[in-house]
Amino acid sequence: MISEFIKKIQSGEIDVVEHTNKVLEQTHNLNNEFHHLNIISEELALSQAHKLKKAPKGRLAGLPISVKDSIIVKDVESRGGSKILSGYKPLFNATVINKLQAEGAIIIGKNAQDAFGFGSFSTNVGLDLQTPLNPNDKTRACGGSSGGSAGLTKAATFPHTSLGESTGGSIVAPASFCGVYGLCPTYGRISRNGLMAYGNSLDKIGPMATSPEDLALILEIISGHDKLESTSLNNPVPDFTKEITNTTKLKVGIISETVGEGTDPAIADNIQAIASKLNATKVSLPTTHKYGVPTYMLLATSEASTNLAKYCGMRYGQHEKLEGSFNDYFTKVRSKYFNEETKRRIIIGTFARMAGFRDAFYLKATKVRTKIIEEYKKLYKTYDILISPTMPIVAPTFKEIEQLTPLQNYMMDIMTVGPNLAGLPHINIPSGTHNNMPIGLLATSNHLEESKLLQLAHQLKNG
Ligand code: GLN
């Protein structure tokens, strides 16, 4: 747990500058081996450490934190994992970065990811960027799209937490593949100001850590209303660090569709064993299971295709010599700097919202999304928490990933798209191993009930 470390920084028992120097050296070594970071923000980390040395204050005093590349940090190259943004240094911090720094956290770098969040394995990295490797087995993927965040959280030998981002599962998926805790909050709980948008109606920032207690602390600090972000919620932030120890028995349902066909039997067995320990009853989410992935892909790509229009080689990042018409120039820059998956998503999204097709695809998907929300809401009248595996398989090898078609790739998110479409908070809890690779349990609660997820993680950890 990070709390003991933070106390030692606050009391001066650990010298924050010395410690930060050591951490940066270890981070460089780890990064040479695993590529969990697109950039190490050495200068920023050291300047923060020197400031803290004079006044070692704050609930995160001296804590090294890495953040997904798509969360912007002032003056630190922020690419969202894409080559089109190479050289882009933001002029301001994301709100979450300000909140972390106000509590004394030290930002050590920007984590590797699928470009703009498009992927489940972090193999769709930008054209000049390296693919992060799973710390449990370097021939396997970290998961995505926040792969570097989960990878470094697992690999770090020093106190550390990370921030990821999820549109359709990108916090819990890599957390599951790497074997760490990851929490995706209720939509709106944490400000998206300063997060590069993938799908605005779906995007959430959330923490990753090696213990549920650390998750609770970070969540408490970065949550809350932000007047700079119109979808951020006004609700009071619970005392997550206290509520996590609540021992009230939770009423749990296991989603039966997720432990049947399509899921590795070893994973299904693992989750079912935990379900019986929790006295869980079987529940069903048929609409979510059948239509979740297509609904998600239509909505996420529709939003992404408009969000990415701003990367036209004129405002941010890479430029080319200005010549020809706007269309020629726009096409030239984007053809050169976007990777294949980014182009695929833009094409699917543009098609889905085209005049003539909009009713059949985009608008239909928004209606199915409402049905999915209703399906969950009905179950939360009876249950506190719904569980399933987080991913249907353990982290695949890079060779296995190469064999997958785009459709098989998208189906990986079958368990995680539901809570994301419904804006529901969810957590990955490491629940065992299969062939030495981590298995993750996905727990989802009703809106604004993150405390119940933390309680479950805490209860499972402490037997
Ligand atoms: N794997 C999903 C996708 O490719 C989710 C990504 C995300 O949550 N950012 O869109």
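Axes here are lines fitted to C-alpha atoms, for helices over the stretch in contact, and angles run from 0 to 180 degrees between N-to-C directions. All views show a predicted model.

**View 1. Packing of helix H2 against helix H3.** Helix H2 (residues 16-34) and helix H3 (residues 42-54) cross at roughly 160°, and their axes come within 8 Å. Angles over 145 degrees count as roughly antiparallel, which makes H2 roughly antiparallel to H3. The crossing in which H2 passes H3 is right-handed. From H2, the contact takes Val16, Val17, Thr20 and Leu24. From H3, Glu42, Ala45, Leu46, Ala49, His50, Leu52 and Lys53 take part. Sorted by class, the residues of this contact between H2 and H3 are 7 nonpolar, 2 polar and 2 charged.

**View 2. Packing of helix H7 against helix H17.** The axes of H7 and helix H17 (residues 450-461) lie 9 Å apart, and the two helices pack at an angle of about 160°. H7 and H17 are therefore roughly antiparallel to each other. Their crossing is left-handed. On H7 the contacting residues are Pro212, Leu215, Ala216 and Leu219. On H17 they are Glu450, Leu454, Ala457, His458 and Lys461. The contact of H7 with H17 has 6 nonpolar residues, 1 polar residue and 2 charged residues.

**View 3. The two domains and the side of domain 1 that touches domain 2.** The domain assignment divides the chain into domain 1 (2-243) and domain 2 (252-461). Taken over C-alpha atoms, the centres of domain 1 and domain 2 are separated by 20 Å. Domain 1 gives 57 residues to the contact, and domain 2 gives 53 residues. On the side of domain 1 that touches domain 2, the elements giving two or more residues are helix H6 (172-178), strand S5 (181-184), helix H7 (212-222) and helix H8 (240-243). H6 gives the most to this side, with 6 residues. The residues on this side of domain 1 comprise 29 nonpolar, 24 polar and 4 charged.

**View 4. Surroundings of the ligand.** The ligand is surrounded by 13 residues. The closest of them are Gly117, Ser120, Thr167, Gly168 and Ser170. By class, this shell around the ligand consists of 9 polar, 3 nonpolar and 1 charged residues.

**View 5. The cis peptide bond at Gly144 and Ser145.** The peptide bond running from Gly144 to Ser145 is cis, and its omega is near 5°. Ser145 is placed in the loop between strand S3 (106-111) and helix H5 (147-155).

View 6. Asn279 is not a glycine, yet its phi is positive, at about 55°. The loop that holds Asn279 lies between helix H9 (265-277) and strand S8 (281-283).

How values were computed. Residues numbered from 1 in each chain as written. Predicted model: local features only at pLDDT ≥ 70, side-chain atom pairs only at ≥ 80, totals over all residues. Near = placed C-beta within 6 Å. Nonpolar A, V, L, I, M, F, W, Y, C, P; charged D, E, K, R; others polar. Domains from an automatic or database assignment. Contact = placed C-beta atoms within 7 Å. Helix = DSSP H or I, 4+ residues; strand = E, 2+ residues; numbered from the N terminus. Parallel < 35°, antiparallel > 145°, perpendicular 65-115°, else oblique. Left-handed = near helix turned anticlockwise from the far one by under 90°.
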